[in-house]
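Open the model in your viewer and keep the selection panel at hand. The tour goes from one residue to its chain, and then to the interface.

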Amino acid sequence: MDYAATFRISASGMALEKARLEIASVNIANMNSAGRSADSVFKPLKLVGQAVPFPFAGHFDHVRAGGVRMAGAVPVETAPRLVHEPGHPYANAQGMVAYPGVDHTAEMLNLNIALRAYEANVVALNAGRTMAARTLDIGGQNGA
Amino acid sequence: MALEAVAPVGLEQALRAVAKAGPPEGTQVVSAPGGEFSAWFAREVGAVNGGLVQAEASMRAMALGQGGNLHEVMIQLEEAKLSFQLLAQVRNRVLEAYQEVMRTQV
């Protein structure tokens, strides 16, 4: 079995979770960036992951690819948060300024989800590495 | 050379006959030109070294802040470590076999 393939699968998961963290960070960073109008305000992004088909059919020795890839970061249509700030340069006729409709709680949760999923990928990779290292113990002097 | 002590047994004739007849029927003689294993081993050592060098290069790039993914670098290091361990195991086996041969009673 090709252990490098196992590593690649976990690496793709890690890359995706890293992207999830980055997107949550972008959303949080832009939480208070005012928009010139209610339409042009920053839209919170959402990461879309896509499974890479795992070609398992029959050929156990030729397991390749698998894993996950990022299909894209799509803007979510959320209603902007309107704040009454008459002195603001971007304020409209009613004195309202549009701020992005970022869900702070959900973004904090996303950070945690990304962190835990990343850790799970690291654990999976370490399990694969341990398996490979154990394989090298076959026939060894100190192997039971 | 004549083997006087064992001549009565007819061993010398038997050995000559075996030498003339060649390998027994049905035995395939695999032509192993000298240095095939050592060439393969040298190639593998080169490949392992290449992996180590590449891992070191990406580690250096990472440390210099030239971008790159931290997890990719760590995985490269892990792969290099594993391939080196495999190489060390192959070397152990070869050395074991060699010592086994050297211990053979002649």
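Is A:Met14 buried or exposed? Select A:Met14 and look. A:Met14 is buried, because its relative accessibility is 4%, below the 20% cut-off. Keep in mind that this is a predicted model.

**Stop 1: around A:Met14**

Colour helix H1 of chain A; A:Met14 lies in this helix. Now show the neighbours beyond four places in sequence. Within chain A, A:Met14 touches A:Tyr118, A:Asn121, A:Val122 and A:Leu125. From chain B, B:His71 and B:Ile75 also touch A:Met14. Next, pick A:Asn126. A:Asn126 is 112 residues from A:Met14 along the chain, yet their C-alpha atoms are separated by 13 Å.

**Stop 2: along helix H1**

Stay on the helix, which covers residues 3-29. Move to A:Asn27, in helix H1 too. What is the relative accessible area of A:Asn27? The value is 0%, so A:Asn27 counts as buried. Leaving out residues up to four places away in sequence, A:Asn27 touches A:Phe42, A:Pro44, A:Leu45, A:Val102 and A:Glu107.

**Stop 3: all of chain A**

Zoom out and switch to cartoon. Chain A has two helices and four strands. Follow the chain along the sequence and the pattern reads α-β-β-β-β-α. Of its 144 residues, 25% count as buried. Take the contacts in chain A between residues at least 6 apart in sequence: 61% of them join residues at least 24 apart.

**Stop 4: the interface**

Show chain B next to chain A. How many residues of chain B are in contact with chain A? There are 13, and they meet 17 residues of chain A. The area buried between the two chains is about 1,200 Å², with 59% from carbon and sulfur atoms. Select B:His71, B:Ile75 and B:Leu82. These supply 41% of the area that chain B buries against chain A, more than any other three residues. Two of them, B:His71 and B:Ile75, are the residues that touch A:Met14.

**Stop 5: charges and polar pairs**

Select A:Arg8 and B:Glu72. Their side chains form a salt bridge, with N to O at 3.1 Å. The count between chain B and chain A is three salt bridges. Colour the contacting side of chain B by class: three residues are nonpolar, four polar and six charged. Finish with the polar contacts, where four residue pairs are found across the interface.

Notes: Residues numbered from 1 in each chain as written. Chains lettered and ligands numbered in written order. Predicted model: local features only at pLDDT ≥ 70, side-chain atom pairs only at ≥ 80, totals over all residues. Heavy atoms only, no water. Contact = heavy atoms within 4.5 Å. Buried area = accessible area lost by both parts, 1.4 Å probe. Salt bridge = Lys/Arg side-chain N within 4 Å of Asp/Glu carboxyl O. Polar contact = N/O pair within 3.5 Å; in protein donor to acceptor, adjacent residues only side chain to side chain. Nonpolar A, V, L, I, M, F, W, Y, C, P; charged D, E, K, R; others polar. Buried < 20%, exposed > 50% of the residue type's maximum accessible area, 1.4 Å probe, protein only.
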